[in-house]
Amino acid sequence: MGIESESVRRPGGCNMTQIRRIEYVNSPSGFARSRLFFALIGGIEQMAPTFSFEREQYNAFEIIYITSGRGWFRYGTEWIALERGDGLVYNMREPHAYRSDPEDPYEMKYVVFHGSELDRLWHSWFDAPYLLLPGAADDEPYVRTLQSVLDWMSKEGPESEPNISALLY
């Protein structure tokens with residue numbers, strides 16, 4: 001299901017006002033949850049200059065790609081500057097936060113995902129809880145894959161589940 005909005009405010013002391021937001025929310029089947037990687041939420045968001053968001057943890061993983069602008073991402077206590085072309089894949093189970101640069105707020109594409117084997121595989125693939133992918137072009141394979149996942153998420157129906165899962169692998 002696609003959702004578009006001009007601005008969103010959520011409780012909890014965070015300012016999540018966006019200028020533009022396109023969001024897809026998936027409800028994976030039991031089969032997908034037990035055997036596949038699956039997307040939970042994804043979209044494209046243009047953040048307002050005052051955007052900030054903090055979360056203690058979430059039981060999933062996220063991939064983001066900055067399409068324009070600048071901002072910061074915090075994982076645990078470490079702040080990382082992000083700008084156009086930067087990407088990040090991370091385990092959301094640790095405290096994390098986002099802030100936009102007031103002078104040049106960022107736009108990002110993102111997908112929040114999970115899978116029954118992902119916890120085990122993450123530790124065999126990566127030595128750290130996040131992977132920074134700096135300075136990527138729009139035609140980099142992971143950026144194209146992220147866009148393909150978003151394209152499949154925009155289609156409704158169970159036939160998209162295997163395609164999304166294959167892309168996330």
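User: What stands opposite tyrosine 75 in S9?
Analyst: Histidine 96. Strands here are DSSP E runs of at least two residues, numbered from the N terminus, while helices are H or I runs of at least four. This is a predicted model, where local features need pLDDT of at least 70, side-chain atom pairs count only at pLDDT 80 or more, and totals for chains, interfaces and linings use all residues. Residues are numbered from 1 along each chain as its sequence is written, and side-chain values use heavy atoms, leaving out hydrogens and water.
User: How many bridges join S6 and S9?
Analyst: Five, with S6 (residues 70–75) and S9 (residues 96–100) antiparallel. Two strands count as paired if DSSP finds at least two bridges between them.
User: And what's the strand order in that open sheet?
Analyst: S4-S9-S6-S7, with antiparallel pairing. S4 (52–55) and S7 (78–83) each have a single partner strand, so one side of each lacks a neighbour in the sheet.
User: Which of them point which way?
Analyst: Gly87, Val89 and Asn91 go one way from S8, Leu88 and Tyr90 the other.
User: Which strands does S8 pair with?
Analyst: S5 (residues 61–68) over five bridges, and S11 (residues 130–133) over four. Both pairings are antiparallel. Phenylalanine 61 has asparagine 91 as its bridge partner, and glycine 87 sits opposite leucine 133 in S11.

Definitions and conventions. Buried < 20%, exposed > 50% of the residue type's maximum accessible area, 1.4 Å probe, protein only.
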